[in-house]
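Work through these exercises with the model open beside you. Try each task before reading its solution.

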Amino acid sequence: MQVGIVGLPNAGKSTLFNALTGARAAVAPYPFCTVEPNTGVRDLDDPLLTALGQVVTPKRLVRAQLTFTDIAGLVKGAHRGEGLGNQFLGHIREADAVLHVVRCFPGDHVPHVHGRPDPELDIAVVELELILADLESVRRRQEKLAAKLKGGATAEQTAEVARLETWAQWLDQGKVLRGLQLDPGDTTMLGQVALLTAKPTVFAANTGEGDRPDPAAGLVWAAARARGAEAVAVAAGYELALTELSRADRAELGVEADGGLHALVEACRRALGLITFYTYNASEARAWLIPRGTKAATAAGKIHTQMERGFVRAEVTPGQGLIAAGSAAAARDRGLTRLEGKDYVVRDGDVLFIRFGP
């Protein structure tokens with residue numbers, strides 16, 4: 001799963017990207033320091049995996065990861081190609097979710113493209129460009145479909161025409177598609193069209209260099225709530241500085257890194273609708289991310305395609321139950337472990353042992 005980091009130029013996107021991933025993407029106080037997207041991964045903090053490791057004592061723990069992509073700043077007119085907008089919008093289309101960084105910190109040392117930070121305006125500018133880009137995509141699809149239907153339309157094509165018109169009207173009102181009540185047909189077709197405003201979105205209120213919350217972050221939270229999204233306050237510069245200190249130095253200063261970053265990553269995980277299941281053997285205990293609602297056979301395919309093809313049964317134990325029992329044998333004795341078929345819907349925190357054949 002890939003999370004695309006977007007926002008206006010100089011909002012702190014690359015700083016946040018570096019703090020999240022430990023990468024070394026260039027950071028500079030001028031627009032479009034980032035041109036080509038930077039990609040990095042973030043290990044998810046996972047207390048349950050740590051506790052599971054203490055019970056099953058594997059040689060190593062393997063955490064689940066999210067991929068983050070640092071995308072260059074969008075500006076007014078991006079949907080028309082301003083500021084290389086078409087290129088950057090294309091990068092956003094490749095993401096599964098959007099992390100919208102909103103600048104809340106002042107500071108003349110980092111110029112703001114509008115003169116000064118205004119979270120409500122800044123969100124509106126970026127959002128409008130995404131809406132206009134989506135409207136253009138929908139209109140183009142309508143035109144292509146109309147050309148095909150001159151000789152008549154199937155029931156499926158008629159349904160697509162209706163959906164496209166509903167989306168066009170919604171976008172034309174300046175609304176994001178996330179706010180539209182969708183049915184399964186809408187969801188399937190949205191995946192084909194890759195519309196930007198339908199993607200799950202999390203807002204990051206970047207309070208800059210300090211470790212104190214900025215009052216402007218409240219405006220970001222209000223804007224996120226109005227859009228049915230989560231917002232997290234994070235001091236990107238401060239978090240990045242902490243990640244560059246050794247654990248001993250942080251302990252001496254009485255500070256810990258990752259507080260805001262952990263909250264932000266968890267918000268992204270929720271926005272993507274992901275849950276975690278676990279596997280283990282003598283070599284490793286591993287966390288796996290899957291969409292909520294995934295069935296056992298599909299989850300097995302996440303481990304290896306052969307496991308999905310030859311799936312027989314899944315031995316399922318709730319992770320917390322296994323940890324409380326103290327061993328797999330004790331969990332079985334307590335009746336916590338059960339056998340499930342391929343249609344079992346995996347739950348967050350399940351520990352799975354897959355039985356499969358050729």
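**Exercise 1.** Which side chains make polar contacts with the side chain of arginine 338, and how exposed is this arginine?

*Solution.* This is a predicted model.
- Step 1. Start with tyrosine 344: its side chain and that of arginine 338 are joined by a polar contact of 2.8 Å.
- Step 2. Turn to glutamate 340. Its side chain makes a polar contact of 2.7 Å with the side chain of arginine 338.
- Step 3. Arginine 338 lies in strand β11, residues 338-340.
- Step 4. Arginine 338 then touches Ala314, Glu315, Val316, Pro318, Tyr344 and Arg347.
- Step 5. Check one distance. Arginine 313 is 25 residues from arginine 338 in sequence, and their C-alpha atoms are 9.9 Å apart.
- Step 6. Classify the exposure. The relative accessibility of arginine 338 is 25%, so it counts as partly exposed.

**Exercise 2.** Asparagine 10 and threonine 57 each have a positive phi. Where does each sit, and is each buried or exposed?

*Solution.* 
- Step 1. Recall the background: most residues other than glycine have a negative phi.
- Step 2. Read the angles. Phi is near 65 degrees at asparagine 10 and near 45 degrees at threonine 57.
- Step 3. Locate them. Asparagine 10 is in the loop between β1 (2-6) and α1 (13-21). Threonine 57 is in the loop between α2 (47-56) and β3 (60-62).
- Step 4. Apply the cut-offs: buried is under 20%, exposed is over 50%. Asparagine 10 has a relative accessible area of 10%, so it is buried. Threonine 57 has 58%, so it is exposed.

**Exercise 3.** How many residues of α1 are buried, and what follows the helix?

*Solution.* 
- Step 1. List the buried residues of α1: Lys13, Ser14, Thr15, Leu16, Phe17, Asn18, Ala19, Leu20 and Thr21.
- Step 2. Draw the conclusion. Nine of the nine residues are buried, so α1 is largely enclosed by the rest of the structure.
- Step 3. Glycine 22 follows α1, with a positive phi near 75 degrees.

**Exercise 4.** Which residues touch the most other members of the largest nonpolar core?

*Solution.* 
- Step 1. The core has 37 residues, and the answer is Leu16, Leu20, Leu66, Phe68, Leu99 and Leu264.
- Step 2. Find the top contributor. Helix α10 (residues 259-271) gives the most to this core, with five residues.
- Step 3. Inspect leucine 66. Beyond four places in sequence, its contacts include Met1, Val41, Leu44, Val265, Cys268 and Leu289.

Conventions. Residues numbered from 1 in each chain as written. Predicted model: local features only at pLDDT ≥ 70, side-chain atom pairs only at ≥ 80, totals over all residues. Heavy atoms only, no water. Helix = DSSP H or I, 4+ residues; strand = E, 2+ residues; numbered from the N terminus. Buried < 20%, exposed > 50% of the residue type's maximum accessible area, 1.4 Å probe, protein only. Contact = heavy atoms within 4.5 Å. Polar contact = N/O pair within 3.5 Å; in protein donor to acceptor, adjacent residues only side chain to side chain. Core = buried A, V, L, I, M, F, W, Y, C linked by side-chain atoms within 4.5 Å.
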